[in-house]
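The report is meant to be read beside the coordinates.

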Amino acid sequence: MNIHEYQGKEILRKYGVAIQRGIVADTPDKAVAAAKELQTETGTSWFVVKSQIHAGGRGKGKVKETGSHGVVLAKSIDEVMEKSKSILGGTLVTHQTGPAGKVVNKVLIAEDVYYPGASEPKEYYMSILLDRATSRPVIMASTEGGMNIEDVAAETPEKIIKEWIDPMMGLQPFQARKVAFALGLEGTAFKEMVKFIHSLYAAYIGLDASMFEINPVLKTSDDKILAVDAKVNLDDNALFRHKDLEELRDISEEDPLEVEAGKSGLNYVKLDGNVGCMVNGAGLAMATMDIIKLSGGEPANFLDVGGGANAETVEAGFRIILKDPNVKAILINIFGGIVRCDRVASGVVEAYKKVGNIPVPIIVRLQGTNAEEGAKIIKESGLKVFSAILLKDAASKITEVLG
């Protein structure tokens, strides 16, 4: 589950991570009030107005309606009002949102932390995530903060520091010092970075997070270490242990069809193709998408109905797939291991009748327990449903119905 920057920062603060302070607002008037409050508390006279959407690249992205960037500097209270108006309610397009963009419903008014002092501020990159190759958390850091880490990895991979953590031992003091040394820090800034890393790792473990990305981590001119941004991804499978974190979910940032599928217990991801697919099992779903492409189509979605495909789940799957206007055919690919194919076939027929008029052809490929009985039920249903047992049969049917 993704959460907003302001939510991630607040969580990090509770774990002792030093953050750039800010106040969230959903109207220009509230943004001005937030700026005045920050000015009283921190003495800052400049402010950063940051759009809050679930996507990266906000600083480089632009609001369609106004041309404003998603992250802008306001040098006065009046500018906070002006900049907030140019962002709130607009559609922000970044390299991660695609051309459709995302509507900005909230902005974070943050203090200016790039103030002058004894030394120049310096930006770093830091993240913690699970390295699946080693089954260990890994701290990734770089002196090239503020840039896309993908660009750094492609152009200057030697500037990426990696430190793997033994999950049984946890983060050791020498490892935090090793990362801070590798970033070229010394003195007060070195000590602050070591503390920062320990607090960040404690938050990562404590929240059952799947990823933390802080870009940039800032060394201020007076050697403080702050999280200026915070991208936090929480593990959905662990949310039952963090009921308070479930409340942070912002459904308006998610695809409506994916939200609806989740309510029905389905794993659904919308894609851009023309063949809807409904499968029991993630691996089989991936293979099914390959078959669709090999047959000349493009998968319109990933949809895993789980091990117990029945009339209810199939009906829910139909309704979700058919809400995509690009779908020209539907392929149902079921392996009858736990569930019998004849029951699935009966469920498909029942669900078809409940949904009513389905304007696209449906190919049902059943393999496994009672596959032949299932195919017979499909053929005798009298509905616009084509049966297949082999994958090649399903592929040829897709080619046929797509013309």
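What follows is a short account of the whole chain and then of a few residues.

This is a predicted model, in which local features need pLDDT of at least 70 and side-chain atom pairs count only at pLDDT 80 or more, while totals for chains, interfaces and linings use all residues. Residues are numbered from 1 along each chain as its sequence is written, and side-chain values use heavy atoms, with hydrogens and water left out.

The protein chain holds 13 helices and 19 strands, taken as DSSP runs (helices H or I, at least four residues; strands E, at least two) numbered from the N terminus. Its C-alpha trace spans about 80 × 50 × 40 Å along the principal axes, and 49% of the 403 residues count as buried, where buried means under 20% relative accessible area, exposed over 50% and partly exposed in between, with a 1.4 Å probe and protein chains only.

Ser135 lies in the loop between strand 8 (122-131) and strand 9 (136-142), whereas Asn370 is in the loop between strand 18 (362-368) and helix 12 (371-379). The peptide bond from Asn215 to Pro216 is cis, with omega near 10°, and Pro216 belongs to strand 11 (residues 209-219).

His54, in the loop between strand 2 (47-51) and strand 3 (62-63), is buried at a relative accessible area of 16%. Leaving aside residues up to four places away in sequence, His54 touches Asn2, Ile3, His4, Lys102, Asp250 and Glu253, a contact being heavy atoms within 4.5 Å.
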